[in-house]
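This briefing covers a single predicted model. Please look through the sequence and the structure before reading the notes.

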Amino acid sequence: LVDQRPEAPQNPMSAVAATPIPATTPIFRETRARLRAPLLAPTRAQWSSRGRHRVRANKENSTAIVLLPEAKEYFREVSDDDGFLAAAPCDFFELLGLDCDCDDKEVKAAFRRLTKTTHPDIVGAVAEPLAVLLNSAYATLSNDSTREAYRKAVEGARKTFDGGSQFDGKPVSQWLGPDSETKAIFVDESTCIGCRACVTWAAGTFEMVEDQNAGRARCTRQWNDEEETMQIAVEMCPVDCIYWVKRSQLAILEYAMKGCKREDIAIMARRRSGNMGSAPSGQNPFARAESILKWRREGKQFIDAAAKKAGGAEGGTYRGHDEA
């Protein structure tokens, strides 16, 4: 296989950005095994001959994802997001704006401060679900024993995610593309084997990050390379761990990726050889993101049911802890 690529640009953010791939290194795609032929990295002339024709992934959506024909098989999305992608507190401490080591006096002060501005008698029926959450938070955190047990559970959950558990609805990667763009690049680091092919080809988009097992690729800057360059990098991945995704789902996927465990690359190789079963779903960011959305959906259903039971949906008067 003759390396027909231009010299990779220097990238001061990555020590491996300019690491060349030997010209004799064959690049195979597992999904093209049926063709029994290696996938050659296309030249600029070949890409020009393909043209700029794009395909809509969803014609019924006004924010449809527009893809190059070659990118269709690399598109993946989280199913049934149903508008649950907005930022929200992940626990009662975040809801009340308190540290985990707070005392009952701080809990009561925070509860009263929020209740003054969010009580259904002031805001209206739209605030009833939030009032239910605030009452649940107060009931849990105002008691010393339940607050301590809840604190331990929250601290354990936060350790699972790098940088804390709060989902702020913002992507981790830097957005450098136009505001009208609706798709983004995402790397499933749980299946990345650290081959560095994407980093070498599209150094402006990908970087290598170190973990306890081995280096993994990560998209750190969205649309810092031309679309053809990024698509070539996607196709060069030997284990198909790079995807085009909806821009609106990028934040939840990157957030879910923080909680996915990275297996040792040797164990991953055994899985691909058929000597081991499939990886646990908790290591898959797409499955984990769908689980997070499911928890949010079920939580909203619970809160809505509690608000209805409290009397708001039936015309009754909502009563908080201090009003009981």
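The model is predicted, so local features need pLDDT of at least 70 and side-chain atom pairs count only at pLDDT 80 or more, while totals for chains, interfaces and linings use all residues. Residues are numbered from 1 along each chain as its sequence is written, and side-chain values use heavy atoms, with hydrogens and water left out.

**Whole chain**

- The protein chain has 11 helices and eight strands; these are DSSP runs numbered from the N terminus, with helices being H or I of at least four residues and strands E of at least two.
- Of the 324 residues in the protein chain, 42% are buried; buried means under 20% relative accessible area, exposed over 50%, and partly exposed in between, with a 1.4 Å probe and protein chains only.
- Accessible areas come from the Shrake-Rupley method with a 1.4 Å probe, and for residues only the protein chains shown count as cover.
- Of the contacts (heavy atoms within 4.5 Å) between residues at least 6 apart in sequence, 71% join residues at least 24 apart.

**Cysteines**

- The structure holds zero disulfides, a disulfide being a pair of cysteine sulfur atoms within 2.5 Å.
- Cys-198 is in no disulfide, and the nearest cysteine sulfur, that of Cys-195, is 6.2 Å away. Cys-198 is buried, at 6% relative accessible area.
- Cys-241 is likewise in no disulfide; its nearest cysteine sulfur belongs to Cys-237 and is 3.5 Å away. Cys-241 is buried at 3% relative accessibility.

**Nonpolar surface patch**

- Ile-122, Val-123 and Val-126 make a nonpolar surface patch of about 310 Å². Patches are made of residues with over 30% relative accessible area and no salt bridge, like charges being joined within 9 Å and nonpolar side chains (Val, Leu, Ile, Met, Phe, Trp, Tyr) within 5 Å. A salt bridge is a side-chain nitrogen of Lys or Arg within 4 Å of a carboxyl oxygen of Asp or Glu.
- Val-126 sits in the loop between α4 (120-123) and α5 (128-141), and is exposed with a relative accessible area of 69%.

**Asp-103**

- Asp-103 is in the loop between α2 (92-96) and α3 (104-118), where it is partly exposed at 35% relative accessibility.
- A polar atom of the Asp-103 side chain lies 3.2 Å from the backbone nitrogen of Lys-105, and one lies 2.9 Å from the backbone nitrogen of Glu-106.
- Asp-103 and Ser-142 are 39 residues apart in sequence, with their C-alpha atoms 7.8 Å apart in space.

Key
A polar contact is a pair of N or O atoms within 3.5 Å; within protein, one must be able to donate a hydrogen and the other to accept it, and residues adjacent in sequence count only if both atoms are side-chain atoms.
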